[in-house]
Amino acid sequence: MSNNKKVVLSGIRATGNLHLGNYFGALGKFVRMQDDFDCRFFIADLHALTTHPDPKMLHENVKQILAEYLAAGLDPDKNILYVQSDVPEISEMYLLMNMHAGIGELMRTASFKDKARKALGISHDGNNDEEAVEKEIIGNQSGKSVNAGLLTYPTLMAVDILIHHADFVPVGKDQEQHLELTRRFGRRFNAFYNTEYFHDPVNFNFDGKPVKVPGLDGSGKMGKSEGNCIYLVDDEKTLRKKVMRAVTDAGPTEPGSTPSEPVANLFTLMDLVSEPDTADHFRKAYADCSIRYGDLKKQLAEDILKITLPIRERVLEIRNDDQYLSRVVREGAERARDIAADTLRDVRHIMGIRKI
C-alpha cells in the first residue's frame with residue numbers, strides 16, 4: 001500500500017449476519033474505497049463482549065462476518081482485514097487510554113445511557129436531565145448491573161482509531177459522539193504530555209451523502225435488534241417472503257397525496273436497489289392512485305435479489321473454507337500488529353513506561 005494514501009478505518013461488531021443496511025451504509029462503500037485509500041477493516045469481537053454473547057456463537061459470528069466481507073468484494077490484498085482480538089496491542093493501549101478518560105464524560109454519552117437503561121430494564125420517560133439519568137443508573141435496585149466494558153466502549157473505539165492514526169472513520173449519526181470523544185482523548189493525551197502525537201480523525205461520508213436504510217416494519221432504520229432486516233445471506237424464498245410482508249397502508253385516496261412513512265420507506269429501498277426508471281414508475285403510480293403494492297413489492301424483491309444472491313453464493317463458497325479464512329485473518333493481523341506495535345511503543349515511551 002502506498003504510504004501517501006489517507007488511512008481509512010472501520011469495523012463491524014460480531015453480533016450476527018450483515019444486512020442490507022450494513023451493505024449500503026458501510027460494506028458497499030468499503031469496496032468502493034479500497035483502491036483509493038489505505039484501508040483497515042476489522043471485526044469487532046471485543047466490542048461484542050459487552051452483551052456477553054455465547055462463546056461458540058461469537059466465534060461463528062466472526063467467521064460469518066469475515067466471509068461476508070470477502071463475499072461482498074473486500075480484497076485482502078488491497079486492505080488490512082483483521083479480527084480485533086488478534087491485535088493484543090489494542091487491549092493494552094485501551095488500558096492506557098482509560099487513564100485519560102473521565103467517568104463523567106463516558107456516562108454522559110447517549111449510547112451508554114440508552115444501553116444501560118435497556119440492560120437494567122429502566123424505561124425512558126423523556127427525562128434528559130443528565131444528573132438524574134446517572135443517578136437512575138447508579139442507584140438502580142433491580143439486581144441487574146451494567147458492565148464496565150459498556151461504560152468504556154468509547155475508549156476502546158478511540159483506541160481502534162488512534163492506534164492506526166486513521167484519517168477517516170466512516171460512522172453513522174449514532175456514532176458521531178464516539179468519534180468526537182476519540183478526538184478529545186487524542187487532544188487530551190497530546191496536551192497532557194506536551195506532544196503532537198495524535199491527529200484528529202474525521203468522519204467520511206461517501207459522496208457526502210449519509211445513507212439511512214429503512215426496515216420493513218414501517219418505521220425506523222434497518223437493524224438486527226429490531227427484527228426488520230433483509231440479511232445478505234437470506235435465501236430467495238425467505239427474502240421474497242420478508243418483502244411481501246413489509247408494512248404498507250390502505251393506499252392513496254386522492255392524486256398527489258404524500259406517501260405514508262411505511263410506503264415512503266419502500267420507495268427509499270427502491271431508490272437504493274432499483275433502476276431510476278423503475279422507482280419513477282411506481283412513484284407515478286402512487287401519485288395517480290393506480291399503484292398496486294403487491295407489484296411494487298415483487299419488483300423490489302427482484303431488485304434486492306440481484307444484489308444479495310451473488311453475495312450469498314460467494315459466502316456459501318468460502319464460509320467453510322477454514323484454511324482460506326484463517327490465512328486472511330492471520331496475514332491481516334500480522335500487518336495490523338506491525339502498525340499497532342509502533343503506536344503502542346511510542347505511547348508507552350511518551351507516558352514514561354520504559355525499561356530500566
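The model is predicted, with local features needing pLDDT of at least 70 and side-chain atom pairs counting only at pLDDT 80 or more, while totals for chains, interfaces and linings use all residues. Residues are numbered from 1 along each chain as its sequence is written, and side-chain values use heavy atoms, with hydrogens and water left out.

Begin by selecting Asp-45, which is found in helix α2 (residues 45–48); helices here are DSSP runs of H or I with at least four residues, strands are runs of E with at least two, and both are numbered from the N terminus. Asp-45 is buried yet has no salt bridge, and the nearest side chain of opposite charge, that of Arg-13, is 10 Å away. Buried means under 20% relative accessible area, exposed over 50% and partly exposed in between, with a 1.4 Å probe and protein chains only; a salt bridge requires a side-chain nitrogen of Lys or Arg within 4 Å of a carboxyl oxygen of Asp or Glu. For opposite charge, Lys and Arg count as positive and Asp and Glu as negative, with His and the chain ends not counted. Leaving aside neighbours within four places in sequence, Asp-45 is in contact (heavy atoms within 4.5 Å) with Ala-14, Leu-58, Val-62, Val-83, Gln-84 and Ser-85.

Most residues other than glycine have a negative phi. Asn-194, in the loop between α10 (176–192) and β5, has a positive phi of about 55° and counts as exposed, at 72% relative accessibility.

Move on to Lys-212, in the loop between β5 (202–203) and α11, which is exposed because its relative accessible area is 56%. Leaving aside neighbours within four places in sequence, Lys-212 is in contact with Gly-220, Lys-221 and Thr-268.

Finally, display helix α11 (residues 236–244) with helix α14 (residues 293–318), which pack at about 145° with axes 9 Å apart. Axes are lines fitted to C-alpha atoms, for helices over the stretch in contact, and angles run from 0 to 180 degrees between N-to-C directions. Among the residues making this contact are Leu-239 and Val-243 of α11 and Leu-300, Ile-304 and Leu-305 of α14.
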